[in-house]
Amino acid sequence: VAFIDLGGRQASCTGDRLEFLGRYGAVDDPAALGGDSPLSGRVGSGLDPCGALQTVVDLAPDECVDILFMLGDADSSDEARTLVGKYRSIDLDDVLAQVQAQWDGLLDTVQVHTPDRAMDILLNDWLLYQVLACRLWARTAYYQASGAYGFRDQLQDVMALCVSRPDIAREHLLRAAARQFVQGDVQHWWLPPSGQGIRTRISDDRVWLAYVVAHYVDTTLDVAVLDQSLPFLEGAQIKAGDADAFYQPGTSSGRASLYEHGARAIDSSLALGPHGLPLMGTGDWNDGMNNVGAQGRGESVWMAWFLLATIGAFAPFADERGEGARAASWRDHATALKKVLEGPLGWDGEWYRRGYYDDGTALGSHESEECQIDAIAQSWSLMSGEADPTHAAQAMASVDKYLVRHDDKVALLFTPPFEHTPLNPGYIKGYPPGIRENGGQYTHGATWSIFACALLGQGDRAGELFDILNPIRHSATAQALARYRVEPYVACADVYSVDPYVGRGGWTWYTGTAGWLYRGALEAILGFHLNGDQLVLRPCIPKSWSGYRIVYRRRDAHGTVTPYEITVENPAGVSCGVSSLAVDGAVQPLQSGD
């Protein structure tokens, strides 16, 4: 039951949009403001719906009046009336102070001060707000309104909260792990509170669980979370010939630790295709490529790099639990993958291929008519930490050459777009060329190039890529704003790359871009890495920066806050490398590799 209220001051109301606006009226000139008659009070079904309340305020000279407007919802009419009564009489200044304190607790944990004011605004205010308010809590926005959890989606989001709100990240790790089937696969998305959702053949979902668990533990050193006991889901397997199955699964009687859930996710992801690469399924990270491996033989190069990264991060947990044989089998699998990736089946000469169709045709190769080079296979070669250094550097040089359009300020997911090829990669081909995943800037994937450039020590390129993806930079002038056309303060999912819409923003708010863009700036460029009670700094900044400052407010288990001020100076105009370190004014010795 939804409600609106003017603190009891409303004199009349209507639920009829036509009455309020008028037949020829508009929101900037509603008919209801043109006369002295009260609103009719009409509400109910059969109307073009709205909610409008009317009140009259008489002000004496220099008088001030506060007007309270409430919008809310409750489970019943009685509960709605109780809420209205509560907030008509409550101390609203105290309520607002509590709201502000809640957000300060999140946003003030890490505050940055760099030569790039546009970066500061996103990192200090907007990106984490977008992650928590939109992605984690609302799970809805203008372009997607289901309220569902996406298995891979919110897992990636909470990685950005591991420093400022590790409690929320932990809570979601356990929530997501409980949506895993006994066989190791997961619900691609599910609807709370019923748990109805979709079981798919998408290949990467389950692996994100192990990857994010490793990141959370590495950041917080909360190893106890690995022993949390959780159930599995039980339900019908996907029928042969079907891509997915939507239903409400049951809960198994058996339980296992969070570690076992992550390990089972890896165990169930080791199947290989004809070329010795992981199966694509009905999509890896790119859901739009749902037909590349729909017949069960298509393969993903990106998935191979992602598995290498995950095995490298998660296998030590198996070692510590006495499961050396399990860890060894994963590492043997990783070794075999690396051999294929660096050979002619994975390396295409200037970049890594994207994968293979069911019929064995290469995807993301210079031989491909369309989608010759895809960004994410290149960036994750570096993010995995396992690529041949020469190949990886060449791969990112190719990204810069073929995918980053510096003049247009867009970073493409791949090029050329799908349009004429007789091959059917999936629903991605249904998008017009240059729109969304089909050869536009799909910003979520583009953020990974920031990490890759920083890993190469290329601070100028990492900084330029952040600038390209920063919505503030797309709205710096009236001309730029007229081209971009979407909110300048939140990350957007995509930017179009074809005339006449080059630079036009697409889907905003509900996008995983926000969390990755935050981490790209804080971790990859500013080099801020928290490892439990240790803080590691690995700056990789634009050479033109004279330095920057970070204030980190660390909260202990009792809520006590200890502030740390970190100043990085760059008098030599370099991108990376630390020449000296002082703590509280005392110079500290540097170890090899610092």
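Predicted model: local features only at pLDDT ≥ 70, side-chain atom pairs only at ≥ 80, totals over all residues.
1. A search of the whole structure finds 37 aromatic pairs.

2. The rings of W208 and F306 make up a tilted pair, because their planes stand at 40°, with the centres 4.3 Å apart. This pair connects distant parts of the chain: W208 belongs to helix α7 (residues 205–220) and F306 to helix α9 (residues 301–320), a separation of 98 residues. Both W208 and F306 are buried.

3. A further pair joins W305 and Y352. Their ring centres lie 5.0 Å apart and the planes meet at 75°, so the arrangement is edge-to-face. Distant parts of the chain are again linked, since W305 is in helix α9, while Y352 is in the loop between α10 (324–342) and β13 (355–356), 47 residues apart. W305 has 0% relative accessibility and therefore counts as buried; Y352, at 0% relative accessibility, likewise counts as buried.

4. Where do charged side chains sit over aromatic rings? The charged end of R135 is placed over the ring of Y510, 4.4 Å from its centre. R199 lies over the face of F181, at 3.6 Å from the ring centre.

5. Is helix α16 largely enclosed or largely open? Of the 13 residues in this helix (residues 513–525), 13 are buried, so α16 is largely enclosed by the rest of the structure. Just after α16, G527 adopts a positive phi of about 75°.

Key:
Residues numbered from 1 in each chain as written. Heavy atoms only, no water. Buried < 20%, exposed > 50% of the residue type's maximum accessible area, 1.4 Å probe, protein only. Helix = DSSP H or I, 4+ residues; strand = E, 2+ residues; numbered from the N terminus. Phe/Tyr/Trp six-rings, centres within 6.5 Å; stacked < 30°, edge-to-face > 60°. Lys NZ or Arg CZ within 6 Å of the ring centre and 35° of its normal.
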